[in-house]
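My notebook is open, and I am starting with the whole chain before zooming in on one residue. Come along and look with me.

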Amino acid sequence: MPNEFVLGRFSRMAASVALALSLAPSSFSAGNPGGGAAGDCPLTVGPDLIVGGLTGPQNFTGAEGLEAFAVGFHLCNVGDSPLRFYANDNRHPVVGSNFFRFSTVDGATRFEQLGQSWLFHGFFPLQDDYCCVCIPFDPEFLGVGCSDPTTAARAGTQGGMGPKWQINATTGIFLYPPANPPYSGPTARRLQVRIADLQPSSESVRYYASTATISSQEIAAGNNDNNESHRQMTVTGSGSAWTFGFTGTTQPMQPAIHAWRELEPNVEMQIIDVQGDGRFIIGSAVTQLATDRWHYEYALYNLNSDRSARSFSMPVADGITLTNVGFHDVDYHSGDGPNNQNCDGADWEFERTAGAVTWTTRSFDENPAANALRWATLYNFRFDACAPPEPAVATLGLFKPGSPDSVSVMIPAPGLEAPVILASPVPASICAGTDRSLTVLSAGACLSYQWRKDGQVIPGATEPSLVISSADYIDRGSYDVAVSNAAGSTTSAAAQLLVTVRGDANADGNVNNFDIDAFVFGIVEGETAYESAFANDFACALDVNRDGVVNNFEIEPFVECVQLSGCD
């Protein structure tokens, strides 16, 4: 820890000593952790450090397209053992804050991380009772039930902050003193946010801050999955001037990703525990945007896995069309990475292979500073698909070497069933020169269509409806359609289309002397007998003068048609 920061906190140590000497132990039982009012609390076995409340924030001057602020907090020990806050080694808690945005884009909600801070190193705790009845202990320990407040201004003291990358969030072990690269400007090391990512908060755009703490002592006691809390924020301003504030109350022991589910009931949340390592949380939401389009949104949060993640994969059948494929991450800054260089910010690459989609960053062996999903960061994966959701097994590939090299989780992903034809095209009889539409009604997703006439493919006829414009005799025939997707194919029943040419009494497609006998037969015998003898529409063929009645008045125009080899 930088000496300037250690020396600057001796006054706090003195206050802690005085408080410890002035208070006597008291009884302690069940209560309300994180409620902001002292009471009896249920005690966890061993030390158990939580973030009981988020306070502030402290706004700082923006610079170079960035805004910055800091979050104050109350750390509370809700365990039955005191917790170490040793100042001059790595046996003290570290605390960092993150910033998130909930928004709706094109009808679907998303929850994204917009910023992160460096880490505050805690020591010489005060012995307050923000969460529970406090039983003070040693000045370098946080007593049972006791809380330690840190103002937002103090939490944002740049010289006293260390980088995140050096922390093993699974064990709580870190290098001490932490890396201390040079810094300058009002936004360095603090919770940074790109101004381009900001807009005023509203009902549809909401912001959240979370604060997480890591302590090796409580991790050893098995109390390491309740260390993060969140609170809603307000954002006001425009241009290059923005102000951050808090609204509502702290939601203790809940990472900010839980706010997404509170605002969007459609969100499914799953916990992914890595054996011998830490925990991830994945939120998934599927929104139907149209009858044949669904948006898939995934938010993957690394709560405390040191091994981190380098890939995210799920099964998607080859015949499912994907559009608007996207990825979102959060920036590292101020030299937060090996050799005082920021961890790589390159987007994960998207790849579609046989039956699956995968987002991937470089492996640890290729680049230890690759853009892995490290602890206390949230990455998003998204796309639109033509198929509705079904349960699927997603795979999370781990970044740092070890066993296992991946873990699995159930999520909603696009799925297909073979199409079903609900209604086949209807047979029709029409007069030449008119239009006709043949339509199939089917159930299924990601469907493709191919119409056929007399068993032969009709080029370009790939829609649910086949439109035949200005039909002619040549369009007569048997029509069917194959409906397909990646899960299978089915063919409709055939529909006969009868196209009758005016004056073509014998139904051979021509108007000539060979039509005379058939014409006379129809005039004499009538519609029923005629249509039984010839594959023609009685009115279309014989109502040559188009007066709506078939009678002797058709003779003269029929003769003219024969002489002209056609009526039109």
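What percentage of the 568 residues of the chain count as buried? I found that 53% of the 568 residues do, where buried means under 20% relative accessible area with a 1.4 Å probe, protein chains only.

A note to myself on the source: this is a predicted model, in which local features need pLDDT of at least 70 and side-chain atom pairs count only at pLDDT 80 or more, while totals for chains, interfaces and linings use all residues. Residues are numbered from 1 along each chain as its sequence is written, and side-chain values use heavy atoms, with hydrogens and water left out.

Next I looked up the secondary structure, and the chain has 9 helices and 33 strands (DSSP runs: H or I of at least four residues for helices, E of at least two for strands, numbered from the N terminus). The chain is more spread out than a compact globule, because its radius of gyration is 37 Å, well over the 24 Å that the globule rule gives for 568 residues. That radius is taken over C-alpha atoms, and the rule is 2.2 Å times the number of residues to the power 0.38. I also noted a box of roughly 125 × 50 × 45 Å along the principal axes, filled by the C-alpha atoms.

Then I picked Val-483, which sits in strand S31 (residues 477-485). Is Val-483 buried or exposed? Val-483 is buried, since its relative accessible area is 0%. Beyond its neighbours within four places in sequence, its contacts (heavy atoms within 4.5 Å) include Pro-419, Ile-421, Val-440 and Tyr-449. Ile-421 is 62 residues away along the chain, yet the C-alpha atoms of Val-483 and Ile-421 are separated by 7.8 Å.

How values were computed
Buried < 20%, exposed > 50% of the residue type's maximum accessible area, 1.4 Å probe, protein only.
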